[in-house]
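Subject: Structure handover

Dear colleague,

Please find the structure below, with its sequence. My notes on it come after.

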Amino acid sequence: MFDLSIAHIDCDAFYASVEKRDNPTLIDKPIIVGGGRRGVVATACYIARAHGIHSAMPMFKALKLCPDAIVIKPRMQVYASEAKKIRNLMFELTPAVQPLSLDEAFLDLTGTERLHGAPPAIKLAQLVRKIHDELGLVASIGLSHNKFLAKVASDFDKPHGFFVIGKEETADFLRDKPTRLMWGVGEATQRTLEAAGVQTFSDLLRWEQKDLVTRFGSVGLRLWYLARGEDPRKVDPRTQRKSISNEITFNHDTDNLEVLDGHLWRLAEKVADRAKFHDLAGRVVFIKLKRSNHKSLTRQITLSGATQLADRIYRQARALLVQLEGKGPYRLLGCGLSDLCSAHDADVCDGFFETNSNKRKDLERATDQIRAKFGSNAVIKGRALR
């Protein structure tokens, strides 16, 4: 165990845990963080999960499984603030941190034992305790010799777990496990595997490499290595996501521009919060709408310079929304940034020809500072009340 240095850390039911920490009256109650009846579950606490509720489940199904569940609207700015604190604690252990989302990341602690005076396993246990003691949140650790196994391990002993998969025990551990444990293998590939009679890792081991490649293409080679617990990928702090987005499903279809405009502002704020958290900006603003027949419409615009500001994201997205006026009603609205880059040079020349752009930029930065100190509801724009 003390020779292993690749870890995956995942905060347990993160959004729900933050809500229970901030409101102790919810401790023993089933809670769901998510949208309205036509929305989906963002996360559910473990009490709610005992009823069969899981992330991405339609809200109406979740409430059928657990009618007594308390539904809470996501507070993304609060979650992002807490996630940043956790990320800073990770950086105290190693600069090799590869985030996967707000509440999970890979860490490579190779070579840090001499620096910290303790092996990675000990420092990771201390990290989990620190997250609990200082932030009131719970996390699980998976520790192994590569990313694939670290991710598998972190899911095995939740909540508040610490699961280890060593090199010598890898083959025995995987042999009878279902292939659905293969992180990154999509549902379509999983169905194809099952159709080919592959249910477990041992089933997959019976295939020759060339046969897997012939049957599954480039994915086949990856399957061959994962079946043996091999994963050559490095923990790469430079790995960046391709886009940042947020969306909402309405309780009732609407084409009311004023209603859509209010939702669009709130979505733009959430996208901006995530961009700022990850120190990213985007050169493309896009919107997504879905009609009642589930047909999607997308529109995008390339900016003169990258942005991470809610005000600028909103203004560009609203212009795209106006172009689609009269083509509704819609059941879903989404907004996002793509063509991401470092935030270092963001919003330098945004609005060279736009009146008061610098004032709006300064105002948003000041608002961010106030919210960071006094909470996300300390400053609310009028359009957010629509």
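This is a predicted model: local features need pLDDT of at least 70, side-chain atom pairs count only at pLDDT 80 or more; totals for chains, interfaces and linings use all residues.

Residues are numbered from 1 along each chain as its sequence is written, and side-chain values use heavy atoms, with hydrogens and water left out.

Rings

There are 10 aromatic pairs in the structure. Rings of Phe, Tyr and Trp (for Trp, the six-membered ring) pair if their centres lie within 6.5 Å; planes under 30 degrees apart are stacked, over 60 edge-to-face, and the rest tilted. One of the pairs joins tryptophan 207 to phenylalanine 216, with 6.0 Å between centres and 45° between planes, and is tilted. Both tryptophan 207 and phenylalanine 216 are buried. Here buried means under 20% relative accessible area, exposed means over 50%, and partly exposed lies in between (1.4 Å probe, protein chains only). Elsewhere, Phe14, Tyr15 and Tyr79 are linked into a cluster by ring pairs.

Buried residues

Isoleucine 131 belongs to helix 6 (residues 120-135); helices (H or I, at least four residues) and strands (E, at least two) are DSSP runs numbered from the N terminus. Isoleucine 131 counts as buried because its relative accessibility is 0%. Leaving out residues up to four places away in sequence, isoleucine 131 touches Ile9, Ile86, Leu89, Gly136, Leu137 and Ala139, where contact means heavy atoms within 4.5 Å.

Surface

Met1, Phe2 and Ile122 make up a nonpolar surface patch with about 290 Å² of accessible area together. Patch members have over 30% relative accessible area and no salt bridge; like charges are joined within 9 Å and nonpolar side chains (Val, Leu, Ile, Met, Phe, Trp, Tyr) within 5 Å. Areas come from the Shrake-Rupley method with a 1.4 Å probe, and for residues only the protein chains shown count as cover. A salt bridge is a side-chain nitrogen of Lys or Arg within 4 Å of a carboxyl oxygen of Asp or Glu. Phenylalanine 2 lies in the segment before strand 1 (6-11) and, at 45% relative accessibility, counts as partly exposed.

Backbone

The peptide bond from lysine 158 to proline 159 is cis, with omega near -10°; proline 159 is in the loop between helix 7 and strand 8 (162-164). Glycine 328 and proline 329 are also joined by a cis peptide bond, with omega about 5°. Proline 329 is in the loop between helix 14 (310-323) and strand 12 (330-342).

Alanine 56, not a glycine, has a positive phi of about 75°. Alanine 56 is in the loop between helix 2 (46-49) and helix 3 (59-65), and counts as exposed because its relative accessibility is 56%. Histidine 294 also has a positive phi, near 70°, and is in the loop between strand 10 (280-291) and strand 11 (296-307).

Regards
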